Amino acid sequence: MAEYTKGDSIGSTTVTLTRADLVRYAGASGDFNPIHWSESTARSVDLPGVIAHGMLTMGAAVQLVTDWCGDPGAILDYQTRFSAMVPVDETDGATLTVSGRVAKIDDDAGTVRIDLSVTDAGQGDAKVLTKAQAVVRLPEVAGA
């Protein structure tokens, strides 16, 4: 198994979400709730405007882990808590910053847990996901 140390960074990325992304996601997921595309509907239920789908936010965040490990099938578990909505401005969209760190190493299971930090620049870098954790199966090293 490759050497990892608790606290190691797996990198960071910026994710931009646009209203067009929300429409595409609605079509793919079947979630056509108008709070994800209609400004007037979103505001009528006291939202700050159109907001991103939670599962879209969650999926966009875990892409960092997929890129790091190189195999989406290596992600054995992924969970999070939603802590803030992601308003998607009609002109500027939304900009999320995602970073990850090795939080736990289980040599016996051949896994590492990656903890993600996901913040929204448009909300003063507010955390939009908390306890975002992915358990990743590590590749076996030849001859080990």
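**A walk from Thr111 through the sheet to its side-chain pairs**

Thr111 is found in strand E4, which covers residues 111-120; helices (H or I, at least four residues) and strands (E, at least two) are DSSP runs, numbered from the N terminus. The model is a predicted one, in which local features need pLDDT of at least 70 and side-chain atom pairs count only at pLDDT 80 or more, while totals for chains, interfaces and linings use all residues. Residues are numbered from 1 along each chain as its sequence is written, and side-chain values use heavy atoms, with hydrogens and water left out.

With a relative accessibility of 10%, Thr111 counts as buried, where buried means under 20% relative accessible area, exposed means over 50%, and partly exposed lies in between (1.4 Å probe, protein chains only). Leaving aside residues up to four places away in sequence, Thr111 touches Leu76, Lys104, Ile105, Asp106, Val135, Val136, Arg137 and Leu138, a contact being heavy atoms within 4.5 Å. Phe32, by contrast, is 79 residues from Thr111 along the chain, and the C-alpha atoms of these two residues are separated by 37 Å.

Strand E4 belongs to an open sheet of 5 strands, ordered E1-E3-E4-E5-E2 with antiparallel pairing; two strands pair if DSSP finds at least two bridges between them. Its edges are formed by strand E1 (9-17) and strand E2 (75-82), each of which pairs on one side only. On average, and with direction ignored, neighbouring strands of this sheet are turned by 20° against each other; axes here are lines fitted to C-alpha atoms, for helices over the stretch in contact, and angles run from 0 to 180 degrees between N-to-C directions. Strand E2 runs antiparallel to strand E5 (residues 126-137) and is joined to E5 by 6 bridges, and Phe82 has Leu129 in E5 as its bridge partner. Helix H3 (residues 54-69) packs on the sheet and touches E1, E2, strand E3 (94-106), E4 and E5, its direction making about 140° with that of E2.

A pair of aromatic rings is described by the distance of the centres and the angle of the planes. Rings of Phe, Tyr and Trp (its six-membered ring) pair if their centres lie within 6.5 Å, and planes under 30 degrees apart count as stacked, over 60 as edge-to-face and the rest as tilted. A search of the whole structure finds 1 aromatic pair, formed by Tyr4 and Trp68 in an edge-to-face arrangement, at 5.5 Å centre to centre and with 65° between the planes. Because Tyr4 lies in the segment before E1 and Trp68 in helix H3, the pair ties together parts that are 64 residues apart in sequence. Tyr4 is partly exposed at 24% relative accessibility, and Trp68 is partly exposed at 25%.

The charged side chains remain to be followed. A salt bridge is a side-chain nitrogen of Lys or Arg within 4 Å of a carboxyl oxygen of Asp or Glu, and by this rule the count comes to 4 salt bridges. One of them links Arg24 with Asp21, with the closest N and O atoms 2.6 Å apart; both residues lie in helix H1 (residues 19-29), 3 residues apart, about one turn of the helix. Another joins Arg43 and Glu39 at 2.9 Å, N to O, and a network of salt bridges links Arg19, Glu39 and Arg43. In strand E4, where the walk began with Thr111, the side chains of Asp115 and Arg113 meet in a salt bridge of 2.8 Å, N to O.
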